[in-house]
Amino acid sequence: MNTPLTRTTREMKKHNVVLVVNALKALNSATKADLSAQTGLSVATCGTVLNDLCLTGEVLALALDASSGGRPAQRYAYNPDFFSVLSLYVEGNNASARIAALITSATGEALEQLDAPLQPFALEHFFDAIRGIVSRYPNLQAMGIGLPGVIVDGVVASCDIALFEHLPLVQILQEKFGLFVQVGNDMNYTAYGFYRSNCPQETGPVAYLLQPEGECTGCGMVINGRVLQGASHFAGEVSHLPLAQLPGSKMIERLGDIIVTLVAVVNPVTVALSGPQLNALDLADIRRHCQSLIPKQHLPALIYRPSIEQDYLQGIAELTLESYSFHLTFEL
């Protein structure tokens, strides 16, 4: 008698696919035995998953390994051309904005990086820029967008670029381009990109502070490898901290006060700092200010980042790829 396929069985199979795909990407190429050792699944289960993924083109069967006396093992690799991902962010205001974009393969390799001014900014110009990229990459399947604002369930609740405010941006982009779309906060993406490139094994909190010229301080945090969003996606909005600003107070003191607040609340192991008015020499003054308020043994390492661009784009690319890969496996 055939046993009906239960939801539990289906979910187990999908879970096995996730394990095999993640292991294959991490190893670059692998045999069934390699994947079995990496995932804890049986060789037979790994073989079944690989066969199914090869049929869809998601995985490639490579050359056989050299024989060591027995039957040579088949080697496999994830197909980098199975899809590509667009990572894009917008910064500025309604009068003058800028788009930075990165196109990556299904395995995360950079294919192209773009930079374009939008003066004056208009939503149609934003959509046209995306349309041009989509037309040149027919295998583009996922898009991640970063904005300087608060995004809740795909809707832009607030944004420094007012034209985006209250737009159901995920829905609009999905309808226009037919792609998987993820929209997120600029500092959350930036903090995650920094974390992935500098301390991917760190389990303690990692924070990223940005001091834009003439604008409010931004902050993103990663804890145990996950971006801290908060109950209403408002975590990191440190410009709302009720910190007293004395006459003549300096940016260094403001950033030091924010770091002290972060230490008291989440106790980060590392804080990255960036901004056009900030330089590497300022970090010593910031640390001294912090030490005047809390014991130095509680202070995090301070790391200067001359620009947020690469951290930002990497964060968008990695989080979008992670979300789309999960969607690809678990979509009904």
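Me: Why is glutamate 309 called buried?

Reply: Its relative accessible area is 17%, and buried means under 20%, with exposed over 50% and partly exposed in between (1.4 Å probe, protein chains only). So glutamate 309 counts as buried. Bear in mind that this is a predicted model, where local features need pLDDT of at least 70, side-chain atom pairs count only at pLDDT 80 or more, and totals for chains, interfaces and linings use all residues. Residues are numbered from 1 along each chain as its sequence is written, and side-chain values use heavy atoms, with hydrogens and water left out.

Me: What does glutamate 309 touch, leaving out residues up to four places away in sequence?

Reply: Tyr89, Arg98, Ala100, Gln113 and Asp115. Contact here means heavy atoms within 4.5 Å.

Me: What makes the link between glutamate 309 and arginine 98 a polar contact?

Reply: The side chains are joined at 2.2 Å. The term covers a pair of N or O atoms within 3.5 Å; within protein, one must be able to donate a hydrogen and the other to accept it, and residues adjacent in sequence count only if both atoms are side-chain atoms. The 2.2 Å value therefore falls within the cut-off.

Me: How do you know that the buried residues of α5 are on the same side?

Reply: In helix α5 (residues 169-177), the buried ones are Leu169, Val170, Ile172, Leu173 and Phe177. They cover an arc of only 165 degrees around the axis, which puts them on the same side of α5. That arc is taken from the directions from the helix axis to the C-beta atoms. Their cover includes α4 (123-136), β7 (140-147), β9 (155-159) and β10 (180-185).

Me: What makes β14 and β15 a pair?

Reply: Four bridges join strand β14 (residues 270-274) to β15, and the two run parallel. Strands pair if DSSP finds at least two bridges between them, so β14 and β15 qualify. Within this pairing, leucine 273 stands opposite tyrosine 304 in β15.
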